[in-house]
Amino acid sequence: MRLSRRTVRLPLLVLLACPLLPLAACDETPPQTSFAPLHYDYLSVLHLNVGTVTTVDNGQPGSVPGDISGRAPTPPDQALLRMAADRLMAVGNAGSAIFTIDGASILHLPGGVLEGRMDVHLDIVTANGQHAGYAEAHVRRTFRPNSSDGDGNADTQAHLYTLTSQMMQDMNVELEFQVRHHLTDWLVENSGAASTSAIQQQALGLPGAPPPAAPEATPDAAAPAAAVPATPATADTPPAPAAPAATTPAAPPADDVPDAVFPTGVPSDATPAAPRVMSPKPGYLTLPPGTPSTPAAPSTSTGGY
């Protein structure tokens, strides 16, 4: 029987390709199976003025149709519970803070895209059961794996772990912002002093003494100095000299004419008047030279007859 060339070449091609198959298999990277646990104790702690902190998990895997968060090395709801344990601390004596997970899911959307969602809220309840405060935080994030992985490999553990880590970074920032914005009155510093209360100083009295009164506000102007009490006179202290008696002002000279406006004299606070011009005394004036002292009498003439 005569074999054709095509029949002979086919086994040869198969033999040549077989040695290459183990080499291609060696180039494949094994999937990641070990992941570091998520924790958040390296972040700042939110100290709440309550007696206890409790958690409620309503976002367990499978709570949403199509949720694949259960395949993640650390499901999103478990990462949220870890965050609450690491960052929420009760430092008060009464009341409680309730951290509730409303939702935590990861969906595999068409096109090889992962969509994650987290919703939480924090309630403050007083000792008598009254609701005193509320803060909520929401996170949405999508993750598109490398195109070389293909749509079928988008939901690997490595990708789910990456998406969960990214959502938790956003949640830590958002939750702290909302708590500081809406629950400021319930936050306390590490020393136990309320973050919004100012530090005041008050003098402490002796044990058993009544508390000192609060100081009154002082005016801007300086207070007048206290009067110094007079020292009482003793037998050895000489008496103080008597004040001089008031003297009566001397009468004006006889030749002065009393003033019509101030008969008793010009008062001390009045403006001194201009000097008065008085007529000279009799005999003081003299006639000009060449003027007869006695005017001649007019002569009379009689006619002769």
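1. A search of the whole structure finds 7 salt bridges; the term covers a side-chain nitrogen of Lys or Arg within 4 Å of a carboxyl oxygen of Asp or Glu. Side chains of opposite charge can pair when their charged atoms come close.

2. On the basis for these notes: the model is predicted, local features need pLDDT of at least 70, side-chain atom pairs count only at pLDDT 80 or more, and totals for chains, interfaces and linings use all residues. Residues are numbered from 1 along each chain as its sequence is written, and side-chain values use heavy atoms, with hydrogens and water left out.

3. One of the salt bridges joins Asp86 and Arg82, at 3.0 Å from N to O. Both residues lie in helix α3, 4 residues apart, about one turn of the helix (helices are DSSP runs of H or I with at least four residues, strands are runs of E with at least two, and both are numbered from the N terminus). Asp86 is buried at 14% relative accessibility, while Arg82 is partly exposed at 37% (buried is under 20% relative accessible area, exposed over 50%, partly exposed in between, with a 1.4 Å probe and protein chains only).

4. Asp119 sits in strand β5, residues 113–125, and is buried, with a relative accessible area of 8%. Arg140 forms a salt bridge with Asp119, the closest N and O atoms being 3.1 Å apart. Arg140 belongs to strand β6 (residues 131–143) and Asp119 to β5, so the pair ties together parts 21 residues apart in sequence. Arg140 is partly exposed, at 47%.

5. The side chain of Asp119 also makes a polar contact of 3.0 Å with that of Arg117 (a pair of N or O atoms within 3.5 Å; within protein, one must be able to donate a hydrogen and the other to accept it, and residues adjacent in sequence count only if both atoms are side-chain atoms).

6. Asp170 and Arg141 meet through their side chains in a salt bridge of 3.0 Å, N to O. This pair links distant parts of the chain, with Asp170 in helix α4 and Arg141 in strand β6, 29 residues apart. Asp170 is partly exposed at 26% relative accessibility, and Arg141 is partly exposed at 29%. Salt bridges that share partners also join Arg87, Glu176 and Arg180 into one network.
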